[in-house]
Amino acid sequence: MIDKKRLLSDFEGVRSNLAQRFLDPTLLDKLKDRLIAYKAQKQELEQAQEFQNKSSKLFFTHKDDPIKAQELKSALEANKAKIADLTAHTNKLEEELDGLLQSIPNLLDPITPFGKDESENVEIKKILTPKTFGFVPKEHHELAQENGWIEFERGVKIAQSRFSVLRKEGALLSRALLNFMLDHNHAAGFEIVSPPILANAKTLFGTGQLPKFAEDLFKVQEEDLYLIPTSEVSLTNLYADEILAHKELPILMTACTPCFRKEAGSAGKDTRGIIRQHQFDKVELVAITHPKESDAMQAKMLETASGILKALELPHRFVQLCSGDIGFSASNTVDIEVWLPGQNCYREISSVSNTRDFQARRAKIRYKENKKNALVHTLNGSSLAVGRTLVALMENHQEKDGSIKIPEVLWPYLPHKL
């Protein structure tokens, strides 16, 4: 959540920042009304508490005057009842304010450009040059069917649409990719972690998936458990409700897990192939850092993810997301988009986001410095989506006869040269 103290001290500044996200202005108006009411009620409560504290000390001065002593006692009893009533009302207003705050996205960094949607994202740089083919390159779903690597119909048969089955070299390559990614990330200093793929509501609240994105989650019936949409949820919340020693920072973690998303807001998009699936494997990077180190950490995470694509000889680019395309919890996000010759365009394969203290405030992740507790900064990024990396590998390394040339860096991870 955003800082309530900042709301109290600079509401118009917060409002101006959030307006760049095209947030419903009526929601901000409601937030302002609740904030004004809360401030007024809290001030009245503090005044009543101050009166109680000061007046209680006057009993000694009236010890020889029973009438004044009784008047003071009556005033204090009445004020005590007032405090109880004000406390209940203030707490109710605070709950309403917190409920509204839960649906308010993170404040944007100055580096995040203003824009209405993904068409206004800003390219930062390109890495590697797409090769020129002497034939018309095919899309991955065509190549997959020709080589028998992915079965789409059988995936639908055993589950539903947006599920598929990897077979033969497709399954071997998927396993090779995830192991290569984990080894690469570990060499870059990220601890390999194997977390649960189920998480409770409190955990999903901590990283911002709940309550706003409940419709995108797969929930276990009659249980307070959800299938995770990303291992960012599990890794970040390992330290929820904890106070870390300053020397423990930064904490760098990587994990490969199945991820599950209903893609409720993506109906009709990428219905062919495995670009957008309900279940997919993803290797994630998560960092918990000192606030002064989070910008440098974001750069490290980007280079770590990019290093995998370089090793796989996959052209890609960095793109700064604009205010209309950035995620709920992020303060700034850089996407890595990989070149897909079959589609003749770049497609997202990673998002590296700095959430500043937004998730840390929700999950209560703090660190101690100079005997004081402060909120950490949390960052997350895909490194990488395994299925989309397989897609990029197939399309970029296809041969005229439909076969796929496998990059040498993956050979040690395969039972035999494909």
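This note walks through the domains, sheets and annotated site of the structure above.

1. A word on the basis. This is a predicted model, in which local features need pLDDT of at least 70 and side-chain atom pairs count only at pLDDT 80 or more, while totals for chains, interfaces and linings use all residues. Residues are numbered from 1 along each chain as its sequence is written, and side-chain values use heavy atoms, with hydrogens and water left out.

2. Let us start with the domains. The assignment gives domain 1 (4-103) and domain 2 (118-413); such bounds come from an automatic or database domain assignment. Their C-alpha centres lie 44 Å apart. Five residues of domain 1 are in contact with 10 residues of domain 2, where contact means heavy atoms within 4.5 Å. Between them the two domains bury about 610 Å², 48% of it on carbon and sulfur atoms. On the domain 1 side, Arg21, Gln102 and Ser103 lose the most area to domain 2, together 76% of what that side buries. Buried area here is the accessible area (1.4 Å probe) that two parts lose on being put together, summed over both.

3. Next, the eight-stranded sheet. This open sheet has mixed pairing and the order β1-β11-β12-β13-β16-β10-β9-β4. At its edges stand β1 (122-127) and β4 (191-192), each with a single partner strand, so one side of each is left without a neighbour in the sheet. Five bridges join β1 to β11 (residues 316-320) in an antiparallel pair, and Val122 stands opposite Gln320. For the terms, strands (E, at least two residues) and helices (H or I, at least four) are DSSP runs numbered from the N terminus, and two strands pair if DSSP finds at least two bridges between them.

4. Strand β14 is worth a look too. Parallel to β14 (residues 365-369) runs β8 (residues 242-245), joined to it by four bridges; there Ile243 has Arg366 as its bridge partner. Another four bridges link β14 to the antiparallel β15 (residues 372-375), with Lys368 partnered by Asn373. β14 and β15 form a hairpin with two residues between them, and Asn370 in the turn has a positive phi of about 55 degrees.

5. Now the annotated site. An unreviewed UniProt entry lists Thr230, Ser231, Glu232, Arg261, Glu284, Asn380 and Ser382 under "binding site"; UniProt positions follow the numbering used here, feature names are shortened, and annotations may be inferred rather than shown by experiment. Glu284 is in strand β10 (residues 279-289) and is buried, at 2% relative accessible area. Asn380, in strand β16 (residues 377-385), is buried at 8%. Buried means under 20% relative accessible area, exposed over 50%, and partly exposed in between (1.4 Å probe, protein chains only). A polar contact is a pair of N or O atoms within 3.5 Å; within protein, one must be able to donate a hydrogen and the other to accept it, and residues adjacent in sequence count only if both atoms are side-chain atoms.

6. Finally, a histidine in a loop. His290 is found between β10 and α10 (294-311) and counts as buried, at 7% relative accessibility. A polar atom of its side chain lies 3.1 Å from the backbone nitrogen of Lys292. Beyond four places in sequence, His290 touches His246, Leu249, Tyr367 and Glu369.
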